[in-house]
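Student: I'm new to this one and would rather get to know one part well than skim everything. Please pick a part and take me through it slowly.

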Amino acid sequence: MNRYSKNVSEFWHGKLLGSFLLTEMQLSKRMIRRLKSLEDGILVNGEPKTVRYMLNLGESVSVACTFNKKISYESEALEIPVCYEDEDYFIVDKPPYMTMYPRYLGEKGSLANFSRYYLERHGGIGGFFPISRLDKGTSGLVLLAKTAFAASALRKCRITKYYHALVTGECKEHGTLTNYLKQAPYSGMRDGALFEVHENEGKYAKLSYKRLFYDSQKDVSGLLIALVTGRRHQIRVQLSHLGHTILGDMRYGSKFSEYDRPLLHSTHLSFKSPISNKIIKVNLPLHSYHELDHIKIWEEYFKGGELTYDKIAEEL
């Protein structure tokens with residue numbers, strides 16, 4: 001799909017095209033600026049118009065969905081499961097140890113490399129438009145857009161995200177964490193904490209969690225976590241501050257050296273597509289990324305291979 005179109009309703013008759021793009025088509029100001037730079041970026045009934053154009057009932061407003069943007073990373077075929085796909089979005093199961101972007105020019109093996117390959121193979125222009133992001137060591141679901149337009153359209157939409165985590169100690173049965181996160185003073189040090197909790201400075205961060213089990217022999221709790229905000233390293237920092245560090249998260253104080261990454265897994269994504277109005281929901285149970293004895297304890301929460309989230313999530 002190279003263009004996205006929408007007809008002018010009676011409500012928008014006599015109103016500015018710019019307001020229509022922002023509100024009705026849910027485009028960001030940045031996206032509109034990029035469209036204005038293209039000869040056919042914004043069309044009304046097939047004719048280029050400025051954002052100050054006054055709309056008329058029944059007119060068709062269309063915008064370009066793709067841009068000729070220089071891509072610095074290579075296309076690479078990688079074995080990454082695609083859990084969901086439609087014309088606008090796709091959701092993949094990112095394995096642990098994979099970065100989102102190449103860290104230096106020419107590096108391969110990142111999700112961006114795969115995205116370019118996948119989109120080019122399926123008739124797109126290639127590129128990388130991540131809606132959600134995971135740290136290198138975190139596994140699980142990542143939501144990607146197929147075009148810059150689809151990515152921009154999601155900016156105001158609520159995306160529900162659940163995570164699994166194995167943490168040290170016996171957590172409370174459920175709880176809500178509200179903190180402010182700011183850059184740590186020694187964040188430039190290798191393997192040092194990048195962020196820390198501050199009393200009243202930094203970015204607001206909130207999550208809720210429910211304890212699904214506690215293994216008293218190993219002193220480990222299994223948590224289901226719902227993000228309210230989406231700050232970088234948020235789950236890792238807030239749980240560490242609570243005194244329940246994620247197993248394997250050496251950056252934030254884990255003493256479990258037998259794990260070389262945080263045992264954190266993105267297990268659920270759901271949202272309503274602003275383009276198709278379809279409700280999209282994907283669940284991803286724990287699998288071979290987690291070769292641990294604790295997986296057996298999770299099984300009571302599985303049904304037909306998927307977690308029964310409706311039973312658990314109402315308490316989050």
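Tutor: Let's say that two residues are in contact when they have heavy atoms within 4.5 Å. This is a predicted model, where local features need pLDDT of at least 70 and side-chain atom pairs count only at pLDDT 80 or more, while totals for chains, interfaces and linings use all residues. Residues are numbered from 1 along each chain as its sequence is written, and side-chain values use heavy atoms, leaving out hydrogens and water.

Leu 17, Gly 18, Phe 20 and Leu 21 are its buried residues (under 20% relative accessible area, 1.4 Å probe, protein chains only). Looking down the axis of H1, you'd find them within an arc of 165°, so they line one face of the helix (the arc takes directions from the helix axis to the C-beta atoms).

What do they pack against? E1, E2, E4 and helix H2 (29–36).

Now zoom in on Leu 21. Beyond neighbours within four places in sequence, Leu 21 is in contact with Gln 26, Leu 27, Ile 32, Ile 42, Val 51, Val 61 and Val 63. Just past H1, Gln 26 has a positive phi of about 55°. Within E4, Val 61 is the bridge partner of Val 44.

Key:
Two strands pair if DSSP finds at least two bridges between them. Helices (H or I, at least four residues) and strands (E, at least two) are DSSP runs, numbered from the N terminus. Buried means under 20% relative accessible area, exposed over 50%, partly exposed in between (1.4 Å probe, protein chains only).
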